[in-house]
Amino acid sequence: MSPAALKDAALTALVALALFAPLVGLRTDVAPAGGLYLRQRWDDVAILVALAFAARLALLAWRGQRRLPTASTAPGWWEAPLRRLGALAAPLLLAVAVLLPLGAFSWDLGAFAIPAVTGRYELDLGILVLTYVMLGWGLNIVVGLAGLLDLGYVAFYAVGAYSYALLATHFGWSFWLCLPLAGILAAFWGVLLGFPVLRLRGDYLAIVTLAFGEIIRILLVNWVSLTGGPNGIGGIPRPTFFGLTFSLSGGPGTFAGFFGIEPDPSHRVVFLYYLILGLALLTNWVSIRLRRQPLGRAWEALREDEIACRALGINITVTKLTAFAIGAMFGGFAGAFFATRQAFVSPESFTFIESAIILAIVVLGGMGSQIGVAVAALVMIGGFELFRDLQEWRMLVFGAAMVAIMVLRPRGLVASRTPTVTLTGRKRAISGELVGEGHG
Amino acid sequence: MAEARADAAAPPAGRDLILEVRELTMRFGGLLAVDQVSFAADRGRITALIGPNGAGKTTVFNCITGFYRPTAGAILLRDAAGGVAELQGRPGHRIARAGVARTFQNTRLFPGMTALENLLVAQHVPLMAATGFGIGAVLGLSRYPRAERAAIEKARAWLDATGLLDRADDPAGALPYGAQRRLEIARAMCTEPILLCLDEPAAGLNPRESEELSALLLAIRDGQAAGRGRGCSILLIEHDMGVVMRISDRVVVLDHGRKIADGTPEQVRADPKVIAAYLGEGDEGEEDAA
Ligand SMILES: Nc1ncnc2c1ncn2[C@@H]1O[C@H](COP(=O)(O)OP(=O)(O)O)[C@@H](O)[C@H]1O
Ligand SMILES: [Mg+2]
């Protein structure tokens with residue numbers, strides 16, 4: 001055992017001690033008499049610190065024998081098939097997404113009948129996943145393309161949700177009028193935040209956006225007269241199908257009544273599903289288009305080298321602001337959808353963990369990759385639901401999976417970048433090692 | 001474009017100047033990196049800025065291109081029509097739009113973007129205008145497709161002129177060093193500048209590449225490169241004396257932030273102050289001067 005390894009392990013133990021002493025060592029409990037008292041658990045701390053020490057030593061010894069798998073940004077084995085399937089994989093996913101709700105109904109096709117295969121639960125899960133796909137694609141514009149680390153994206157989601165909630169409950173405006181307004185308001189807040197903040201770089205930008213996300217949430221909690229405070233806003237109108245409601249009465253003004261079909265609660269769910277699918281696809285379409293435009297190219301150039309951009313006459317403040325505003329706008333759309341789906345919004349839905357999950361989806365998917373983000377959202381949100389039985393352990397599983405992926409594939413599932421334009425007509429992927437991550 | 005005061009705008013007799021630097025001073029805390037330097041660059045000519053390491057050449061460039069705000073002094077850019085723009089204190093992107101393009105001592109390409117994409121980013125300003133500032137382009141409404149085709153043609157011409165046509169779709173970061181330097185020049189030229197500022201473009205090139213670079217710079221000066229038709233004045237920082245003496249029309253020498261000589265290559269080469277400055281730099285300087 002080399003002294004260097006011992007020193008390293010001792011350092012680890014010290015860090016563990018500093019962490020576990022307050023976290024584990026001291027615990028408040030309710031005394032039998034009724035008051036609170038401080039229970040001390042130093043033996044547990046000692047065990048944990050010893051474990052950390054031993055584990056670190058073991059890790060060092062193991063690493064001494066064989067090299068740790070090196071982090072790789074080279075194309076993974078799945079990337080080549082995925083790309084070869086590329087023309088196929090995306091439409092396939094899309095087809096599944098489009099066809100999923102049809103399984104909610106039983107079809108009587110004369111000769112044979114297909115029973116309903118997807119239930120309400122699957123549809124709700126689909127809506128949830130699609131919401132995160134949309135949020136991921138929206139944040140991807142800011143983080144993946146422009147390289148600006150935004151830790152407060154949920155703020156724009158909140159602005160969109162509350163905009164719709166307030167406009168719809170106070171003025172009774174329809175969803176289709178409020179949706180663009182919610183997006184515009186979120187974009188407006190994006191510009192407002194971006195103006196002073198985008199001069200900052202890297203860590204500073206991340207911290208300020210994080211703070212902004214919290215400020216918005218705290219504002220929502222405390223501005224009771226407008227937002228209802230922690231109680232939130234309820235009774236938000238549900239979206240209508242071109243003016244037709246989804247009520248179960250089956251009357252003339254309802255969806256079922258108009259089309260002369262049996263009223264079914266799943267009609268609304270299916271409608272909501274297609275609504276978020278459409279919104280997500282809009283986000284995707286706009287990002288893909290923008291990426292091939294000078295604006296999107298300038299975003300990517302900004303991520304690669306800000307100083308070079310300035311030397312080419314690109315106004316970096318304006319360019320960053322557009323990325324921020326457009327990203328925020330899609331966050332606002334998603335927020336409006338969230339409000340109409342839940343019919344209830346409260347500050348609890350817009351905590352930092354939401355920002356963290358959306359950012360994790362973007363980073364996991366591979367910054368800048370549309371399909372990567374979609375797959376990551378599916379895996380993360382779907383996986384989260386799948387492991388519901390594990391209860392609090394699933395957070396542990398989730399954390400471990402994140403660490404493993406970041407160690408093995410620090411640039412995400414799809415690490416390479418596709419050129420936006422070619423002379424030869426053959427688009428060859430660019431290795432993630434060459435692609436910049438942005439500095440803020 | 002802010003017009004300069006009448007007296008500042010008066011051009012000196014006999015020379016058609018594109019750039020005039022007057023008493024430029026740049027101080028970093030206690031360090032006087034550039035000390036009251038005045039010089040001028042002629043239109044359609046190559047002006048070299050030389051001097052030992054740390055003389056302040058890059059700092060002068062950074063002041064001209066708006067990356068530093070000079071402590072004192074004036075920088076005037078004259079376009080062909082006679083308009084005068086004061087560059088000092090303007091933000092870098094506005095100076096670039098006024099027609100000053102630059103390369104960097106350590107190349108600053110967009111490594112994850114292809115060579116072609118690098119050249120399209122350089123044409124951002126006109127392309128952005130053609131898209132109707134983004135909105136029209138998303139909807140596919142504008143005259144953007146035609147503008148982009150023209151931009152690609154211009155990029156192709158410059159890739160051809162710099163010998164990079166077969167690498168057009170390779171990421172810039174994967175190109176060999178010499179190719180990256182050429183690509184950076186092509187990218188600067190795609191902004192359609194009237195003044196091209198090059199910071200040590202021959203550094204790290206082998207003799208054959210230096211030779212090709214000299215030819216390229218002469219072609220750019222005379223407007224023969226990439227079928228541009230219009231010449232471009234060049235301001236050149238260079239350590240490779242072979243290149244400097246071969247292609248410069250005028251040489252300005254800096255040492256310790258001060259101008260110590262200004263004249264034709266022959267005059268400068270014979271100047272005892274210049275020889276002393278380079279000899280005083282020690283082994284490294286002699287190697288550079290060789
Ligand atoms: N941003 C800066 N901050 C502090 N000092 C600087 C800065 N830029 C350049 N300098 C100093 O100014 C002097 C001139 O540097 P530079 O212009 O890079 O020299 P050259 O390009 O002629 O080799 C050097 O002493 C350098 O350390
Ligand atoms: Mg220098």
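1. Three salt bridges cross the interface of chain A and chain B. This is a predicted model, and every value below was computed from it. One bridge can be named: B:Arg108 pairs with A:Asp305 through their side chains, N to O, at 2.9 Å. Side chains of opposite charge can pair when their charged atoms come close.

2. Ten residue pairs are in polar contact between chain A and chain B, counting pairs with both residues at pLDDT 80 or more. Three helices of chain A, α11 (266–291), α12 (294–304) and α13 (306–311), each bring at least two residues to the side that touches chain B. The most comes from α12(A), with seven residues. By class, that side of chain A has 19 nonpolar, seven polar and ten charged residues.

3. Now the extent of the contact. On the chain A side, 36 residues are in contact with 42 residues of chain B. Together the two chains bury about 3300 Å². Carbon and sulfur atoms account for 67% of that area. Within chain A, the most area is lost to chain B by A:Arg297, A:Leu312 and A:Leu423. These three residues make up 21% of what the chain A side buries.

4. Back to helix α12 of chain A. A salt bridge joins A:Arg303 to A:Glu300, and their closest N and O atoms are 3.0 Å apart. How far apart do A:Arg303 and A:Glu300 sit in helix α12 of chain A? They are three residues apart, so about one helical turn separates them. Over all chains, the structure holds 29 salt bridges.

5. Next, ligand 1. Which residues surround ligand 1? The shell comes from chain B: B:Phe28, B:Leu31, B:Ala33, B:Asn53, B:Gly54, B:Ala55, B:Gly56, B:Lys57, B:Thr58, B:Thr59 and B:Tyr68. Sorted by class, the shell has five nonpolar, five polar and one charged residues.

6. B:Thr58 places a polar side-chain atom 2.6 Å from an oxygen atom of ligand 1. For B:Thr59, a polar side-chain atom also lies 2.6 Å from an oxygen atom of the ligand. B:Tyr68 has a side-chain N or O atom 3.0 Å from a nitrogen atom of ligand 1.

7. How much of ligand 1 does the protein cover? On its own, ligand 1 has 560 Å² of accessible area, and the protein covers 64% of it. The largest share, three residues, is from α2(B).

Notes:
Residues numbered from 1 in each chain as written. Chains lettered and ligands numbered in written order. Predicted model: local features only at pLDDT ≥ 70, side-chain atom pairs only at ≥ 80, totals over all residues. Heavy atoms only, no water. Near = heavy atom within 4 Å. Polar contact = N/O pair within 3.5 Å; in protein donor to acceptor, adjacent residues only side chain to side chain. Areas by Shrake-Rupley, 256 points an atom, 1.4 Å probe, with all protein chains shown as cover. Helix = DSSP H or I, 4+ residues; strand = E, 2+ residues; numbered from the N terminus. Nonpolar A, V, L, I, M, F, W, Y, C, P; charged D, E, K, R; others polar. Contact = heavy atoms within 4.5 Å. Buried area = accessible area lost by both parts, 1.4 Å probe. Salt bridge = Lys/Arg side-chain N within 4 Å of Asp/Glu carboxyl O.
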